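Hello,

I am handing over the structure we spoke about, and below it you will find an account of what came out of looking through it. Please keep the structure open while you read, so that you can follow each part by eye.

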Amino acid sequence: MTRFLFILIIFILLIFEGTVAQVFTAGWWDLHLTMVPRFVVVMLIFAALFLGRVQGLFLGLVFGLFYDIIYGSVVGIYGFSMALIGYFAGLVFRIFQQNIFLIWFTVLVALVAFEFMVYGLMTLIKFTTMDVHMFVFDKLIPTLVLNMIFALLVSYPARSILLQLKNEEEK
C-alpha cells in the first residue's frame with residue numbers, strides 16, 4: 001500500500017510540474033530567468049537514497065519515459081538521465097540516508113548533474129543553442145533554488161514514507 005501511495009505521489013507531481021512550470025517560465029516576471037520544477041527528480045533521488053540503486057534506476061527509467069512522452073520533444077533524454085541519476089543516487093544510499101543535511105547535499109549534486117546531463121544531450125543533438133553561461137545563470141541556478149526549496153519542504157514526509165516502505169519490504 002505504501003509503494004502504491006509513493007508512486008501515486010510521484011505521478012501527481014509529474015502532472016503538477018506542468019502546471020507549476022507555467023508560473024515560473026521566462027517572461028512571467030519580465031526576467032530572463034527560468035525556473036524548471038524538477039519535483040519528480042527530487043522524489044526520485046529521495047527514493048534512490050532510501051531504497052537503493054536498482055529501484056532508483058527503475059523508477060527513473062519509468063518516470064523519465066513518462067516525462068519524455070508528456071513534456072519532452074525527444075524521447076529518451078529524460079528516461080536516460082533520470083535512470084542514470086536514480087542509479088548513482090542509489091549508490092550512496094547506505095552512507096547518506098542517516099543525515100538530513102547529507103541528503104540535501106546529495107539532492108543538490110544530483111540535480112546539478114541531471115541538469116547538465118539534459119543540457120549536454122540537448123546540445124549534442126543540436127536541440128538547444130543556449131551557451132553554457134546563459135544556461136548556468138539564467139536556468140540552472142534559479143532551477144536549483146526552486147527545487148531545493150521543494151526538497152527542504154518534502155524531505156521529512158518523503159523520508160518517513162520511504163522508511164515505512166523500506167520496513168515493509170524487509171519484513
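What radius of gyration would a compact globule with 171 residues have, and what does the protein chain have? Such a globule would come out near 16 Å, and the protein chain has 16 Å, so the two agree. Please bear in mind that this is a predicted model. Taken along the principal axes, the C-alpha atoms of the protein chain fill a box of roughly 50 × 30 × 30 Å, and 46% of the 171 residues count as buried.

On confidence, the mean pLDDT of the protein chain is 88, with 93% of its residues reaching 70 or more. Among the elements, helix α3 (residues 53-70) has the highest mean pLDDT, at 94, whereas helix α5 (residues 93-96) has the lowest, at 68, and I would ask you to keep that in mind when you look at helix α5.

As for the fold, the protein chain holds seven helices and zero strands, which run α-α-α-α-α-α-α from the N terminus on.

The axes of helix α2 (residues 39-51) and helix α4 (residues 77-91) come within 7 Å and cross at roughly 35°, and α2 passes α4 in a right-handed crossing. On the α2 side the contact is made by V40, V41, L44, I45, A48 and L49, while α4 contributes M82, I85, G86, A89 and G90. Sorted by kind, the residues of this contact are nine nonpolar, two polar and no charged.

Is E115 buried or exposed? Its relative accessible area is 1%, and because buried means under 20%, E115 counts as buried. Leaving aside residues up to four places away in sequence, E115 touches R38, F135, K139, L140 and T143.

The other topic is L152, placed in helix α7 (residues 132-170). With a relative accessibility of 42%, L152 counts as partly exposed, since that value falls between the 20% and 50% cut-offs. The C-alpha atoms of L152 and W104 are separated by 7.5 Å, although these residues are 48 residues apart along the chain.

Best wishes

Definitions and conventions: Residues numbered from 1 in each chain as written. Predicted model: local features only at pLDDT ≥ 70, side-chain atom pairs only at ≥ 80, totals over all residues. Heavy atoms only, no water. Axes fitted to C-alpha atoms, helices over the stretch in contact; angles between N-to-C directions. Helix = DSSP H or I, 4+ residues; strand = E, 2+ residues; numbered from the N terminus. Left-handed = near helix turned anticlockwise from the far one by under 90°. Contact = heavy atoms within 4.5 Å. Nonpolar A, V, L, I, M, F, W, Y, C, P; charged D, E, K, R; others polar. Buried < 20%, exposed > 50% of the residue type's maximum accessible area, 1.4 Å probe, protein only. pLDDT = per-residue confidence, 0-100. Rg over C-alpha atoms; globule rule 2.2 N^0.38 Å.
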